[in-house]
Amino acid sequence: MKKPADHAQHGSEIVDLGRRHALQASGLAIAFLWLGTTGTASAMINARRQPGDAAAAQADGNPPFAPNAFIRIDTTGKVRLVMPTVEMGQGIYTGCCMLLAEELGVGLDQITVEHSPPSDELYGIPLLGGQITGGSTSTRATWQVLREAGAVARSMLVSAAASQWHVDPSTCTVDRGVVHHAASGRSLGFGALSVAAGKLPMPDKVLLTDPKDFKLIGKPMRRVDSPDKIKGATQFGIDVQVPGMKIATVMACPTFGGKLVAVDDKAARAVPGVVDVLRLDNAVAVVGDHFWAAKQGLHALNVTWDRGENAHLTTQQLRDTLADAARNGKSVAARNDGDRPQGTLVQSEYQSPMFAHATMEPMNATVHVTADQCEIWVGTQVPARAVDESAKITGLSPDKVILHNQYLGGGFGRRLETDWVEQAVAFAKQVSYPVKVVWTREEDIRHDRMRPMYHDVVSAVVDADGKPVWYGYRTSGSSVLARFAPAAMGKDGMDSDAVECVAEIPYDIPKGKVEWIRHDMPTGLVTGWWRGVGPTHNLFVFESFIDELAHHAGKDPLEYRRALLQKSPRALGVLNLAAEKIGWGGQPLPARVGRGIALGEPFGSHVCAIVEAEVTPQGEVRLRRAVVGLDVGVAVNTSSIEAQVQGGIIFGLSAAMYSGLTIKDGAIEQSNFNDYRVLRINESPVVEVHRVVNAEPPGGLGEVGTAIAAPALANAIFAATGVRLYKLPVDRDLLVQSPDALKSAASGTANQGRNVA
């Protein structure tokens, strides 16, 4: 792949970038690509003026200096960054501020951040084809654009000062929002220059800072959003208060695709504080003066449901049909390098469960619908999409739908959906007052748009030395992409997300065949994007299988991978780094303690995780340590990188250890964190993050840790017990010490990850 953006990183001239150049400049080689599919064809953030900029600036207080969609500077010199992506805990507001500040010539403390209005045209991410925060794309999408935006603005401000002083702009410098001319000793702040700069033409060329001169990028910076969060001043969607607002809570039909038949609401309306009982065809909401009244009213309802055709659906039924599809279904090939060669065939089957998102802030939206306008307050990853869907429900034109985006109390892909916003709008249409619709935790988990379940058949032909010369991968599951962005489906109906990280692999295996069998869930059971998307499922399967091959070959998992990575230096680099930091091959570990390796290249990054786990004789898994080797290219905020990976690892380990949704009688059985567990503080391992330092363009981060956690855990459990996990979450019954488990664990060497039966 061509080395991208070298000219941009070494202080040479930048001209206006087209979409293709922008993609190359970001060094993006990902399968999670929705380009041009969900938003308008012109969706692209741009450092230069766009047709809609003037109107957007006018709506944003018409500041004198608004050179593009992102920068607002008024006469006081206050700098505002209008963020193209949303903050949901990943720290992107800080990273983007750093990119802008580095080139604009201000400190982080001089920038305030505000949510962007809904607009695919101005804030659409080219990688995703619309105004979408997801797919670990925020830094990759803004790395070039916001730096260039800052450089363009700085150039115009400097030109304004130089013009007043009748000096060459190249003799001026900028520091903390002030333009200086050293030879004459004159200085002017951005505020004093804002009006004049706003009247200047855009420069054709700007010079970006040489990386060796970075003052902010690459440093560990405190998050700009933390102070308000610590003080409780940050407003999330659930915090919104609107004059005259009532609060509602919802009960949807417990079975997938079921309908509302009748509601006896006499008892509910007798609850003090209950205002209204509202109905949709598959849900009922009780409105109250406050949440407690609404919740008590909901409990008092006597509801009759038509549970529909899925009334008797079970998890086992879904698993059985999915397994049959994986073995016998018609596939679409993502890769086929020819006939399978002769040799020893190793084959396994894996199962992955459905997951809920379980964001800390449950689903909520505040909506006020009037005859000529719909106003929405919500935290969403897809503001423009939410506007379009709400317009359809209200019958209003999209420009009559006003959406105020809020901070998100966790996203993980849940807020890429708009179902709960649509529901809130549909309820709000029935009343004259603003209504905040809040789902309970139970409603959230039972009516989530779940990560799909999968069934995979993975195989390899190995030579006499145990080295794979061909691999096969057949995965079956529903397609989120086909529902969410159908135009993005590939040739012959291929879902690129379904095969991400397995169609292209870092290992030197000469040939392979990768197939996907689409197997949609029953009507009403809607699946959605979950943190880590395709790589989370595929890496669990493939990296577990690589461990199986190492075991089959009788080789150490580390050395086995090293031998297969000689043509992938960045992957080999993170493998070696993680192995060195954890001390692989050093002192022997105690009995029933093992280390598991997992390697991958998700989201344009390179990552290796080694998890050290202890399995008690009773089958309990204790996480002792996780060491991560990471090559993410240029590090923007090193502190945020560490936090993102640590959070992602814990999120992924939680799902692998405790999560997984099950269905009985057509309904989700889990309801809250008592039966949909996450790791508690005392259960979480120490997570060390070690980076390979280089100048490659930034890779994605928000989902890397999640994607790599489960296979590292599964391989660690195998190293500790000799029990291979072919499905998640971890089944403790399989790990109880028994003669069979002990027999399959290699004596002594098992504790170092080498297991020879």
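The lining of the second largest cavity is made up of 7 nonpolar residues, 5 polar ones and 1 charged one. Here Ala, Val, Leu, Ile, Met, Phe, Trp, Tyr, Cys and Pro count as nonpolar, Asp, Glu, Lys and Arg as charged, and the others, Gly among them, as polar. The model is predicted, so local features need pLDDT of at least 70 and side-chain atom pairs count only at pLDDT 80 or more, while totals for chains, interfaces and linings use all residues. Residues are numbered from 1 along each chain as its sequence is written, and side-chain values use heavy atoms, with hydrogens and water left out.

Pro729 sits in the loop between α20 and α21 (739–744).

Zooming out, the chain has 21 helices and 28 strands; these are DSSP runs numbered from the N terminus, with helices being H or I of at least four residues and strands E of at least two. The radius of gyration is 27 Å, which agrees with the value near 27 Å for a compact globule of 757 residues. That radius is taken over C-alpha atoms, and the globule rule is 2.2 Å times the number of residues to the power 0.38. Of the 757 residues, 60% count as buried, where buried means under 20% relative accessible area, exposed over 50%, and partly exposed in between (1.4 Å probe, protein chains only).

Strand β21 (residues 468–477) has 9 of its 10 residues buried, so the rest of the structure largely encloses it. Two strands pair if DSSP finds at least two bridges between them. β21 pairs with β20 (residues 454–462) in the antiparallel sense over 8 bridges, and Val461 has Trp470 as its bridge partner. The hairpin of β20 and β21 has 5 residues between the strands, and Gly466 there takes a positive phi near 85°. β21 also runs parallel to β22 (residues 511–518), joined by 8 bridges, with Gly472 partnered by Lys513. Helix α13 (residues 419–428) is mostly covered too, with 9 of its 10 residues buried, including Trp420 and Phe427.

Two residues other than glycine also show a positive phi: Cys501, near 80°, and Phe603, near 60°. Cys501 lies in the loop between α15 (480–484) and β22 and is buried at 12% relative accessibility. Phe603 lies in the loop between β23 (593–600) and β24 (606–615) and is buried at 1%.

As for cysteines, a disulfide is a pair of cysteine sulfur atoms within 2.5 Å, and the count comes to 0. The sulfur of Cys96 is 7.5 Å from the closest cysteine sulfur, in Cys97, which is too far for a bond.
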